[in-house]
Amino acid sequence: MRLVAPAKLTRTLRVLGRRADGLHEVEIEAVHLALADTVDLAPAPATTIDLVAGAPWVDLARVPTDATNLAWRALELIGETGTLAITKRIPVEGGLGGGSADAGAVLRAFGAPLATGRHLGADVALCQLAGHVDARGIGEQVMALDDLDAVVTLIVPPFGVATGSVYRAWDALGGPHDDDEVANDLEAAACAIEPRLGALIAAAERRTGRRPRLAGSGSTLAWWHSAGTLGLGDEFARGPAAHVTVGGDDVRATRLMLADLPVWLIETRTLPRALASPATEVSSETPSAGESA
Ligand SMILES: C[C@](O)(CO)[C@H](O)COP(=O)(O)OP(=O)(O)OC[C@H]1O[C@@H](n2ccc(N)nc2=O)[C@H](O)[C@@H]1O
Ligand SMILES: Nc1ncnc2c1ncn2[C@@H]1O[C@H](COP(=O)(O)OP(=O)(O)OP(=O)(O)O)[C@@H](O)[C@H]1O
């Protein structure tokens, strides 16, 4: 069984405050993208994980292959075992819910109730539901919204940001809020702990005239525009590229230097909820290791 595990992208992320247990109350509107991991699952008496890098920006060294992998934990939670072959395309620690996506895909395939994955992570129910989602509480109270059709352009920096550190920085900064229509209350906190993010946002705004916003807790940045609209369309004509197709939707990517950092520029689009299902066709072509360096 081949499962599609789409990346989640927050459109608005408001942090309402810190609870007594240290977790934060949030209000999130998020979509899922054609940029997706695939999880090939086959029944077996014991669980094993095999990882494949499905895109050159994926750092497999940071993904566990033991019982701490969120896909393995999801299987364990519902009392199943099997071989999991995960093709990672979602950047690791990119704020796009990579681990939660894989766990959510496993839970969705078995029709587990949405509350099942809450102890695996605040984002797991959101990823299990897929499509366009509203999330409240610590992110685990989810509601399906009508599909939202949009093209997005992502900047994937050569570093990740740990979610817990970003929420702690939000507390330390006194809980800043963001008035933008595409608000992310965690952006200032992420920039405080990772100054290269602020430099990338400024360089990206200078280059395109539009400010990209932080995805979730970062480190990915996102514009809700096509690369063409941003004047970046020509970037895809040269240099090493990666190409992924999910349900007929293309994900195209290329290398770019921004603020003296080598980043990946990825154009993708929102994936309707119905396509986050086992029958969806997924394929990818990635350049050789030499080209992707
Ligand atoms: C930033 C978002 O990804 C936006 O969708 C989520 O709010 C975080 O979801 P997640 O990555 O699934 O987060 P978890 O793995 O559950 O939590 C990682 C850490 O982030 C902090 N955390 C997470 C969610 C939340 N509502 N409040 C928090 O304070 C906690 O320190 C927690 O230990
Ligand atoms: N299946 C998985 N894929 C990726 N990372 C996993 C997986 N299972 C566990 N992890 C762990 O989760 C950590 C966070 O990776 P992930 O890509 O989920 O971060 P993220 O996208 O920033 O998360 P979020 O957006 O949910 O805050 C990794 O460093 C890794 O150790």
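1. A cavity is a set of grid points where a 1.4 Å probe fits but cannot get out, and its lining residues have an atom within 4 Å of a point. The model discussed here is predicted. By that definition, a search of the whole structure finds one cavity of 30 Å³ or more, and the space in this largest cavity is about 50 Å³.

2. The lining of the largest cavity consists of Leu9, Thr10, Arg11, Leu13, Val182, Ala183, Asn184, Arg213, Leu214, Ala215, Ala222 and Trp224. Eight of the lining residues are nonpolar, two are polar and two are charged. Because domain 1 (2-145) and domain 2 (151-292) both give residues to the lining, the largest cavity lies between them.

3. The division of the chain is into domain 1 (2-145) and domain 2 (151-292). Taken over C-alpha atoms, their centres are 18 Å apart. Domain 1 brings 42 residues to the contact and domain 2 brings 49.

4. The size of an interface is often given as the accessible area lost when the parts come together. For domain 1 and domain 2 the buried area is about 3500 Å², with 64% of it on carbon and sulfur atoms. On the domain 1 side, Arg11, Ala34 and Trp57 supply 18% of the area buried against domain 2, more than any other three residues. Arg11 is also one of the residues that line the largest cavity.

5. Two salt bridges are found across the interface of domain 1 and domain 2. Separately listed is a salt bridge between Arg18 and Asp171, with the closest N and O atoms 3.3 Å apart.

6. The largest pocket holds about 980 Å³ of space. It is lined by 43 residues, and those nearest its centre are Gly97, Ser100, Asp123, Thr163 and Ser217. Strand E1 (2-18), strand E2 (24-43), helix H2 (98-109) and helix H4 (163-172) are the elements that give two or more residues to this lining. H4 gives the most, with five residues.

7. The composition of the largest pocket's lining is 18 nonpolar, 17 polar and eight charged residues. Each of domain 1 (2-145) and domain 2 (151-292) supplies at least three residues to the lining.

8. The second largest pocket has about 220 Å³ of space. Its lining has 19 residues, of which Trp57, Arg62, Val156, Pro157 and Pro158 are closest to the centre. By class, 11 of the lining residues are nonpolar, five polar and three charged. The second largest pocket lies between domain 1 (2-145) and domain 2 (151-292), because both give residues to its lining.

9. Two backbone features remain to be noted. Most residues other than glycine have a negative phi, and most peptide bonds are trans. The peptide bond from Gly218 to Ser219 is cis, with omega near 20°; Ser219 is in the loop between strand E8 (213-214) and strand E9 (221-223). Ala130, a residue other than glycine, has a positive phi, near 65°. Ala130 sits in the loop between helix H3 (124-129) and strand E5 (132-136).

How values were computed:
Residues are numbered from 1 along each chain as its sequence is written. Chains are lettered from A and ligands numbered from 1 in the order in which they are written. This is a predicted model: local features need pLDDT of at least 70, side-chain atom pairs count only at pLDDT 80 or more; totals for chains, interfaces and linings use all residues. Side-chain values use heavy atoms; hydrogens and water are left out. On a 1 Å grid over the protein atoms alone, a cavity is a set of points where a 1.4 Å probe fits but cannot get out, and a pocket is an open set with protein on both sides within 12 Å along at least five of seven lines; lining residues have an atom within 4 Å of a point. Grid points are joined across faces, edges and corners, and a volume is the space filled by probe spheres set on the points. Helices (H or I, at least four residues) and strands (E, at least two) are DSSP runs, numbered from the N terminus. Ala, Val, Leu, Ile, Met, Phe, Trp, Tyr, Cys and Pro count as nonpolar, Asp, Glu, Lys and Arg as charged, and the others, Gly among them, as polar. Domain bounds come from an automatic or database domain assignment. Contact means heavy atoms within 4.5 Å. Buried area is the accessible area (1.4 Å probe) that two parts lose on being put together, summed over both. A salt bridge is a side-chain nitrogen of Lys or Arg within 4 Å of a carboxyl oxygen of Asp or Glu.
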